[in-house]
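Me: I have a structure to read and I am new to this. Can you take me through it step by step?

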Amino acid sequence: MRLSVLFVCLGNICRSPLAEAAFRAEAERLGLDVEIDSAGTGDWHIGHPPDRRAAAVALRNGLDISGLRARQVSAEDFRRFDHIVALDVQNLADLAAMRPADGKAELSLLLDHVPGREGEAVADPYYGEDAHFDIAWTEVTAGAQGLARRLAER
Ligand code: 4NP
């Protein structure tokens with residue numbers, strides 16, 4: 001059965017597009033049949049491409065995310081996706097507050113899928129430097145690999 005996973009951060013231009021790309025690569029590697037998307041809780045960047053620093057770190061790691069466009073998460077996403085994966089604790093709280101009564105999605109934090117890092121956030125690199133994007137990349141990759149492995153075991 002086809003699974004579906006949505007990654008959610010604040011702006012959908014830095015962390016969640018990276019998580020989407022890293023998870024897509026890992027899912028392909030494991031042969032998982034999964035629909036993958038990302039969104040933001042905020043509305044400032046709707047329709048925008050990823051932050052150029054996020055696109056650059058993805059490219060340094062072999063993935064082109066320049067074609068992605070930001071969108072805002074909606075209540076409908078809770079009916080459409082099996083898993084909604086938040087990048088930080090505030091995103092998780094905002095998602096929990098907007099969950100509709102008939103929403104089926106299982107909510108988690110991305111780093112819940114990394115043993116020993118449960119409950120931790122992927123720090124927002126938006127106001128940081130290039131090095132913060134490398135850290136975000138390392139973390140989303142670990143989370144994406146942990147989640148993909150877990151879903152492959154089901
Ligand atoms: P993201 O980063 O949530 O990882 O996409 C941010 C992008 C934009 C803003 C904040 C965080 N902003 O305030 O516009």
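**Reading the fold and the ligand site**

Reply: Start at the N terminus: the elements of the protein chain run β-α-β-α-α-β-α-β-α. Helices (H or I, at least four residues) and strands (E, at least two) are DSSP runs, numbered from the N terminus. The protein chain has five helices and four strands. This is a predicted model: local features need pLDDT of at least 70, side-chain atom pairs count only at pLDDT 80 or more, and totals for chains, interfaces and linings use all residues. Residues are numbered from 1 along each chain as its sequence is written, and side-chain values use heavy atoms, without hydrogens and water.

Me: Which residues are around the ligand?

Reply: A residue is near a molecule if one of its heavy atoms lies within 4 Å of it. Here the residues around the ligand include Cys-9, Leu-10, Arg-15, His-45, Asp-124 and Tyr-127.

Me: How does the shell around the ligand divide into nonpolar, polar and charged residues?

Reply: Ala, Val, Leu, Ile, Met, Phe, Trp, Tyr, Cys and Pro count as nonpolar, Asp, Glu, Lys and Arg as charged, and the others, Gly among them, as polar. This shell has six nonpolar, three polar and two charged residues.

Me: What lies 2.8 Å from an oxygen atom of the ligand?

Reply: Look for a polar contact (a pair of N or O atoms within 3.5 Å). A polar side-chain atom of His-45 is 2.8 Å from a ligand oxygen. For Tyr-127, a polar side-chain atom lies 3.4 Å from an oxygen atom of the ligand. Leu-10 uses a polar backbone atom, 2.9 Å from a ligand oxygen.

Conventions
A polar contact is a pair of N or O atoms within 3.5 Å; within protein, one must be able to donate a hydrogen and the other to accept it, and residues adjacent in sequence count only if both atoms are side-chain atoms.
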